Amino acid sequence: MPDDDLTDDAMLRRVDWGDADLSGRRARLVDVEECHLTGTTLAGSELDKLSMSDTLLTRCDLANVLLRDAAFNRVVLTGCRLTGATWIEPTLRHVAMVDCLADMSSLRFASSLALEFRDCRFQRADFGSADLRGARFERCDLSGADFSSVRAAKAVFVDCTWEGVRGIASLAGATVANASPIDVFAFTGGMAGALGITMADPADVPPAPDNE
């Protein structure tokens with residue numbers, strides 16, 4: 001810094017940012033390749049057509065970042081904060097998020113290949129109309145997340161939290177595995193609600209009318 005910065009048409013290769021402040025940036029056509037960002041903040045930045053490849057982000061702050069038409073290829077985010085981040089129609093190839101906080105984030109209309117989320121929190125996140133085919137979610141908190149109109153064939157969800165999830169019927173073709181009976185019930189209840197089925201206790205069901 002300041003030569004290595006997120007500016008229009010910047011081409012950044014093999015840059016190592018440590019505790020850098022890149023917040024509030026406004027730029028387009030930024031190319032980031034073979035870089036490592038550690039403890040770096042990009043909070044509130046707006047980037048159009050960001051291209052990022054072979055890059056690691058560790059404990060970075062991407063809260064309220066707005067990305068339009070971003071392309072990520074072979075990128076790993078570990079321990080990052082993405083609260084309120086909005087990624088509009090991103091292309092994600094071989095991307096992993098590990099131990100990230102992404103409440104109220106948005107990946108609407110995302111296109112993906114080999115997408116993996118582990119130990120992440122996606123409370124009230126919006127995956128609407130995203131292509132999640134083959135994606136893998138492990139031990140993620142999906143409470144209140146929206147999966148409306150997603151494509152999820154061959155996606156795998158392992159020990160995730162399902163309370164209040166919307167659009168759950170769009171997960172056709174996915175595999176859901178939960179060891180916790182509470183999470184199994186939450187998923188089953190959500191699916192029943194999506195199909196218009198009311199689940200009740202037998203004691204709450206009124207007796208059949210007496211026709212005699």
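This report describes aromatic ring pairs and the nonpolar core in a predicted model.

## Aromatic pairs

Across the whole structure, a search finds 14 aromatic pairs. One of them joins Phe-127 and Phe-147, whose ring centres are 4.9 Å apart and whose planes meet at 5°, so this pair counts as stacked. Because Phe-127 sits in the loop between β12 (111–118) and β13 (136–138), while Phe-147 sits in the loop between β13 and β14 (156–158), the pair ties together parts that are 20 residues apart in sequence. Both Phe-127 and Phe-147 are buried.

Phe-147 also forms an aromatic pair with Trp-162, and this one is tilted, with 6.5 Å from centre to centre and 45° between the planes. The pair links distant parts of the chain, since Phe-147 belongs to the loop between β13 and β14 and Trp-162 to the loop between β14 and β15 (175–177), 15 residues apart. Phe-147 has a relative accessible area of 0%, and Trp-162, with a value of 1%, is buried as well.

## A cluster of rings

Ring pairs join several residues into a cluster, which consists of Phe-117, Phe-122, Phe-127, Phe-137, Phe-147, Phe-157, Trp-162 and Phe-187.

## The nonpolar core

The largest nonpolar core contains 60 residues, and within this core the residues with the most contacts are Phe-137, Leu-142 and Phe-147. Two or more residues of this core come from each of the elements β7 (51–58), β9 (71–78), β11 (91–98) and β12.

When neighbours within four places in sequence are left aside, the residues in contact with Phe-137 include Phe-117, Phe-127, Leu-132, Leu-142 and Phe-147, together with Val-156, Phe-157, Val-158 and Cys-160.

Methods:
Residues numbered from 1 in each chain as written. Predicted model: local features only at pLDDT ≥ 70, side-chain atom pairs only at ≥ 80, totals over all residues. Heavy atoms only, no water. Phe/Tyr/Trp six-rings, centres within 6.5 Å; stacked < 30°, edge-to-face > 60°. Helix = DSSP H or I, 4+ residues; strand = E, 2+ residues; numbered from the N terminus. Buried < 20%, exposed > 50% of the residue type's maximum accessible area, 1.4 Å probe, protein only. Core = buried A, V, L, I, M, F, W, Y, C linked by side-chain atoms within 4.5 Å. Contact = heavy atoms within 4.5 Å.
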